[in-house]
Amino acid sequence: MLHLLNGPQTMGNGRAFWACACLVLLAALIYPVFADPYDVGNFAYFLIWVFMALGLCLMWGYGGMLSFGQTFFFGIGGYAYGVLSVDLGSAYGMALGNFALAVLLAGVAAAILGYLMIYGRIGGVFFGIVTLAVTLALAYFLGQTAGPEWAIGKARLNGFNGMQGMSPLSLPWFGGDIDLEETPLYYFVLVLLVGTYLALRMLVNARFGNVLVALREDPQRTELLGYDVRRFQFGAFVIGSMLAAVSGVLYTAWGQFITPASIGLPAAAMPIVWVAFSGRSDLTAVLVGTFVLLAAFQTLTIYSEQAALILMGVILIVTVMFVPHGCFVGLGRIAAWLPRRGRTVRRPSAEVG
Amino acid sequence: MSALLEIVGASKSFGGVFAVSDVDLSVQPGEMHCLIGPNGAGKSTLFKLVVGTYPPSAGRIVFRGSDITRAKPFARVGRGMSIKMQAPSVFKALPVRQNLHIALQDHVARHAIGAEEDRLLDILGLTDDADRPAGLLSHGQQQWLEIGMALALRPVLLLLDEPTAGLSPEETFRTGELVRRLNAEGMTMLIVEHDMAFVRQIATGVTVLHLGKVFARGSIDEIVADERVAEIYLGTPHGA
């Protein structure tokens, strides 16, 4: 299985890449030792969004399906976690159960929506329109749930103000549950992210990923090679959407609140900006690019949120016009090309010597 | 011997106009059957009925003894058909080798895929281009790559729609040699073609379509000798 970590669908397959990756991971692991807990919590916050970006990368970059619905599933995951956590509590490992249940629920929603769209042969731009429509519908629906009648069990949905009062994630432990906040949450998210990233690398380099990129290039040709392309599109859509729900749950657990604003239009456009900017055709580019962009966005937001949003828009336009493959994919290609160029330059002199 | 592919009374109408009308056709195992006819004869429509792009308005299609009239294209491929459509459609952004890999991965054991890729690259004359994106190949090379992908599926019936479209005379000849070699190795083929020189180079059995109906059938020599076929190709109405 491990040989699938490297393959044609991922940039960075050599020893140098994995050595760098290990160094980055090591730096990430010891970072909390040097940083103060607030900054560590912030870092965790950036990492939380990366799941959603990786999900979109899988569907859009590898499978050619541009979904505007990442925040729809983010919202389902987040709200479901909130409701479950308020109603069922979080003791004795129940928090992790709620996490799994919320992601599963989003998976069921993705399966229903995905089935209707993909088996209904909705493709191309209409795929984006339908996913955007359901996202906006959910955001508006949740926005009007301010009244006391909008409650599931004890959990009030609270309209535009959003849900509050859910408990953070916690790990069951002998002497009592360990709440995952700040540094523990950071480690939890980091481990989950590394696992997700490696699993996705294996997935895209396996049979599934081969078919996914083939159908992105030419669905008809792929079908004529004997593949039921709809099954693969459906699979990618469900997995990608569940990753958005993972982000939703972690976000809700991190801040212990979620509002409809994290689902609506400005929020829904964000994953597309991150993934387009980073380079949608590669998981590593999206992982790194999304993290960098989020960190930059938050730094700017301290000065002006409006300015930060405008900058995101400018970045999207500039990327689409001048670096259509994405900035970090471009950087990755340069990094892969430099050593080769070095070798070809050196070789003649070696022969002379 | 029972036919590998049997088309019985197939018709297809678009808005009341019959592109294919009551066509019977059978392809025997080991045969290289050519479907020819002038433009608008219904060749490509009939081909698409066999592929499963759309269902026939009437009639049946039987392949290896089972009725596949309503089966989806991927299911037909799963039963042992392999198809190369008219316009070369390879995965342009992916390297040549990966194009073959995607075709091979369900049909060859994983440890043997690399060797099989090398073998096909050699047959197709694409060994030096293995790592280039398929979109950078010449038109002719893309056609061959697609034939290679079709072969990778280990089919019992290979369907080719105008494999020489857009090729130079030399490339056409090389394609003919490739097709003959495959047939000599036992591959059954149904080929839609309008290039008569190419058909003469390869065919064993020929069916001529005209205005959606079977106009003539026989060996290539009989068809070439048939004056009526020459007339429809030259555009002179029969009997005029």
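**Close-up 1. Helices H6(A) and H7(A) are roughly perpendicular to each other**. The model shown is predicted. Helix H6 of chain A spans residues 183-205, and its axis crosses that of H7(A) at roughly 65°. The two axes come within 4 Å. H6(A) brings A:Leu203, A:Val204 and A:Asn205 to the contact. A:Phe208, A:Gly209 and A:Leu212 meet them from H7(A). Four of these residues are nonpolar and two are polar. The contact of H6(A) with H7(A) has no charged residues.

**Close-up 2. Helices H3(B) and H4(B) pack at an angle of about 120°**. H3 of chain B covers residues 96-104, and H4 of chain B covers residues 113-124. Their axes lie 10 Å apart. H3(B) passes H4(B) in a right-handed crossing. On the H3(B) side, the contact is made by B:Arg97, B:Leu100, B:His101 and B:Leu104. On the H4(B) side, B:Ile113, B:Glu116, B:Glu117 and B:Leu120 take part. By class, the contact residues are four nonpolar, one polar and three charged.

**Close-up 3. Chain A contacts chain B**. Chain A supplies 16 residues to this contact and chain B supplies 18. Helices H7 (207-217) and H8 (219-224) of chain A are the elements that each give two or more residues to the chain A side. H7(A) gives the most, with six residues. The side of chain A that touches chain B holds seven nonpolar, three polar and six charged residues.

Notes
Residues are numbered from 1 along each chain as its sequence is written. Chains are lettered from A and ligands numbered from 1 in the order in which they are written. This is a predicted model: local features need pLDDT of at least 70, side-chain atom pairs count only at pLDDT 80 or more; totals for chains, interfaces and linings use all residues. Axes are lines fitted to C-alpha atoms, for helices over the stretch in contact, and angles run from 0 to 180 degrees between N-to-C directions. A crossing is left-handed if the near helix is turned anticlockwise from the far one by less than a right angle, and right-handed if clockwise. Two residues are in contact if their C-beta atoms, placed from the backbone, lie within 7 Å. Ala, Val, Leu, Ile, Met, Phe, Trp, Tyr, Cys and Pro count as nonpolar, Asp, Glu, Lys and Arg as charged, and the others, Gly among them, as polar. Angles under 35 degrees count as roughly parallel, over 145 as roughly antiparallel, 65 to 115 as roughly perpendicular and the rest as oblique.
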